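This briefing is meant to be read beside the sequence and the model.

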Amino acid sequence: MKKRILKTKLCNMLGIEYPILSAGMGPTLIGENTGAPVELAVAVSEAGGLGVLGGSGFTVDELRQAIREIKAQTDKPFGVDLLLPKSLAAEAESATSGGGPVEMPLKDVIQAIPKEHLDWLNKLIEDMQLPDVDTILRMDTTTMRPKEAVDVCIEEKVPLFCAGLGNPGFMVERAHAAGMKVLGITGNSKNARRMADSGVDLLVAQGHEGGGHTGRIGTMALVPAAIDAAKSVPVLAAGGIGDGRGIAAALAMGCVGVWIGTRFLATDEGGALDINKQVIIRATDEDTRVSRAYTGKTLRANYSKFHDLWDQSGLAPLPFPTQVIISSYLLSAFIEAGKTDHVGGLAGQISGIINEIKPARQVLEEMVDETVDILFRKIPDNVQMG
Ligand SMILES: Cc1cc2nc3c(=O)[nH]c(=O)nc-3n(C[C@H](O)[C@H](O)[C@H](O)COP(=O)(O)O)c2cc1C
């Protein structure tokens, strides 16, 4: 097939061929699995897009190692996505001595779990005869050590730093000095304005449809509002984009590119467990739910009985990341006990049109092909123009 051309100014900014980024996806909260591992980032960058490593599930040492593995496997630009808990980034913003986000020791996070939550957890373990699982050490991740993790990204001169949570404005100057670009992610126009004012190079506007943490505004309404709010900062669309139709729509609305999660998760290289990939393949557009059960923040995942158990508990969700200790423990125990109907991985509403696991390169090339057909050559049957 003839190689297609699809370029926007994002391609010049980042030195890439196509304006398509695979989204930063951290652990699917079960075991050691990561949503966007080295393999996916490399595959997408090698195919001409920009692959983003989901760094939130790694320890700081593993993050450095993963970055070096990507560099060893491709000389194309890539990104790293970290979650910067909002409170931490806010402290950093107000710090007077040039400090970054403060550290959050693991023992403090564990100690913050109230007795009624522990009682509920222990009762479930007993009633459902769940096995002991060792997830606690995995919690000592970059999310608990954001300052060190940001330092690693700057030392390694990661081409694109992406902040999945919190405003990365505090590190823009240092990143620029290292030759990096900085991307912020927002779910509303207020934060788009705030991040644009703090100096980020790029913004992702992620709508309610998207997998993982999600806001209340749908992509169709959010994108134009975020573009207006971001003024001169270029915007990428995210949430509910799974093929060339979504990309063409995003470009038509004025975006410079797209940030795609669920579609790239359901690829050969995507880091989800096979059981989660199969759930995405089977899912319809109605089969995801937003819940605070996973991280304490609103998060979209494929429906499972874990949602029901949490709803029935009547408990208040704990602040991020304390709630993650509870959900990770339970989801790992469900998997080990073979209770697969209690396990739904993070995924977006676009699961409904994903019917096949393919190599990431194929997904990207088909998307480019469809986008070019729609925008350039093929006038849709339902449109008459003069
Ligand atoms: C499995 C999974 C894990 C995710 N983890 C993160 C994360 O660690 N950091 C982040 O910024 N966004 C995360 N997200 C959100 C994605 O970056 C992206 O915004 C979203 O997937 C876009 O919507 P889509 O799934 O409809 O493509 C995750 C999404 C999924 C599906």
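Just after helix H10, Lys-231 takes a positive phi of about 50°, a value that, like every other one here, comes from a predicted model.

**Helix H10**
- Buried positions in H10 are Thr-219, Leu-222, Val-223, Ala-226, Ala-229 and Ala-230, where buried means under 20% relative accessible area.
- Viewed down the axis of H10, these buried residues fall within an arc of 140°, and they therefore line one face of the helix.
- Met-220 and Asp-228, on the other side of H10, are exposed.
- The partners against which the buried residues of H10 pack are strand S5 (181-186), helix H9 (189-197), strand S6 (202-206) and strand S8 (235-238).

**The sheet as a whole**
- Eight strands make up an open sheet with parallel pairing, in the order S1-S9-S8-S6-S5-S4-S3-S2.
- Strand S1 (20-22) and strand S2 (51-54) are the edge strands, each of which pairs on one side only.
- From one strand to the next, the twist averages 25°.

**Strand S4 and its neighbours**
- S4 is mostly covered, with five of its six residues buried.
- Strand S3 (residues 78-83) pairs with S4 (residues 160-165) in the parallel sense, over five bridges.
- Within this pairing, Asp-81 has Cys-162 of S4 as its bridge partner, while Val-80 is partnered by Phe-161 of S4.
- S4 and S5 also run parallel and are joined by four bridges, and Cys-162 stands opposite Leu-183 in S5.
- Between S4 and S5 the chain passes through helix H8 (residues 172-177), and this β-α-β crossover is right-handed.

**Helices on the S2 and S3 side**
- Helix H2 (residues 38-46) packs on the sheet, where it touches S1, S2 and S3, and its direction makes about 170° with that of S2.
- Helix H3 (residues 60-73) lies across S2 and S3, and runs at about 165° to S3.

Definitions and conventions:
Residues are numbered from 1 along each chain as its sequence is written. This is a predicted model: local features need pLDDT of at least 70, side-chain atom pairs count only at pLDDT 80 or more; totals for chains, interfaces and linings use all residues. Side-chain values use heavy atoms; hydrogens and water are left out. Two strands pair if DSSP finds at least two bridges between them. Helices (H or I, at least four residues) and strands (E, at least two) are DSSP runs, numbered from the N terminus. Axes are lines fitted to C-alpha atoms, for helices over the stretch in contact, and angles run from 0 to 180 degrees between N-to-C directions. Contact means heavy atoms within 4.5 Å. Buried means under 20% relative accessible area, exposed over 50%, partly exposed in between (1.4 Å probe, protein chains only). The arc is that of the directions from the helix axis to the C-beta atoms. A crossover is right-handed if, with the strands pointing away from the viewer, the path from the first strand over the helix to the second runs clockwise.
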